[in-house]
Amino acid sequence: VRHIALVNPFCRTSEHERRRQLGEATANVMGLQVHSRAEPKDGSGGTYPVPPSDQAGVKAWYWMDLASLLPPLALRIGETDAVLDVCAAPGGKSIVMAQRLFRRHRVGSGAEGQAAGGCLVCNEMSASRRKRLNGVVSDYLPADVRSRVRLTGCDGTKLREHGVYDKVLVDAPCSSERHILMQKGPSRDHRSSRSKASPPVIDRW
């Protein structure tokens, strides 16, 4: 299994329609409901059913890599936490954290529309990626939940100047250094010079 459909508990579409398109098999992962999708053996890639939207425009599920589900769950977010997603685009991990943070706002919970205790800050420095992030947040979170979510475009190494957070997720964009490390021959000189020229981000915090 490589990809999953993360069920959106804030969406009011019918469970029957969801199961019709995604199948009956579901799994509960730390309170989140997911449909797993096995890769076709013929290598065709298969299909990814497009999620329907409810009357408020909130979509029913979000397609994501299975591995992307794990980092936000590892934070063990509580409902009163102030949470920061430093490199938030395209938004899948932010949606996972929002589901954990605002779980009392789920459809049928009896607490819809009430003020939440926690908050979520989704940061993305790239303007183009931040635009995509904004679209994901708008598509998957209802208005009362979005009011507790803030999008920012700051340099991730300077975010400590803008507030204090209980939980912080940094899932930085891939630099492809793993592929460079696996190469042999002349590229080793390139690898060495790159490492010396670019100090780790952790050193700049």
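Residues are numbered from 1 along each chain as its sequence is written. In this predicted model, local features need pLDDT of at least 70 and side-chain atom pairs pLDDT 80 or more, while totals for chains, interfaces and linings use all residues.

**Exercise 1.** Find which residues of H4 are buried and where they lie on the helix.

Step 1. H4 covers residues 127–140; helices are DSSP runs (H or I) of at least four residues, strands (E) of at least two, numbered from the N terminus.

Step 2. Leu133, Val136, Val137 and Tyr140 are the buried residues of H4 (buried: under 20% relative accessible area; exposed: over 50%; partly exposed: in between; 1.4 Å probe, protein chains only).

Step 3. Down the axis of H4, these buried residues fall within an arc of 95°, so they line one face of the helix. The arc is taken from the directions from the helix axis to the C-beta atoms.

Step 4. Ala127, Ser128 and Lys131, on the other side of H4, are exposed.

**Exercise 2.** Classify the aromatic pairs and locate their partners.

Step 1. Rings of Phe, Tyr and Trp (its six-membered ring) pair if their centres lie within 6.5 Å; planes under 30 degrees apart are stacked, over 60 edge-to-face, the rest tilted. The count is two aromatic pairs.

Step 2. Tyr48 and Trp63 are edge-to-face, at 5.0 Å centre to centre and 85° between the planes. Tyr48 lies in the loop between strands S3 and S4 and Trp63 in S4, so the pair ties together parts 15 residues apart in sequence.

Step 3. Tyr62 and Tyr140 are also edge-to-face, at 5.2 Å and 85°. This pair links strand S4 to helix H4, 78 residues apart. Both Tyr62 and Tyr140 are buried.

Terms used. Side-chain values use heavy atoms; hydrogens and water are left out. The expected span of a helix is 1.5 Å times one less than its number of residues.
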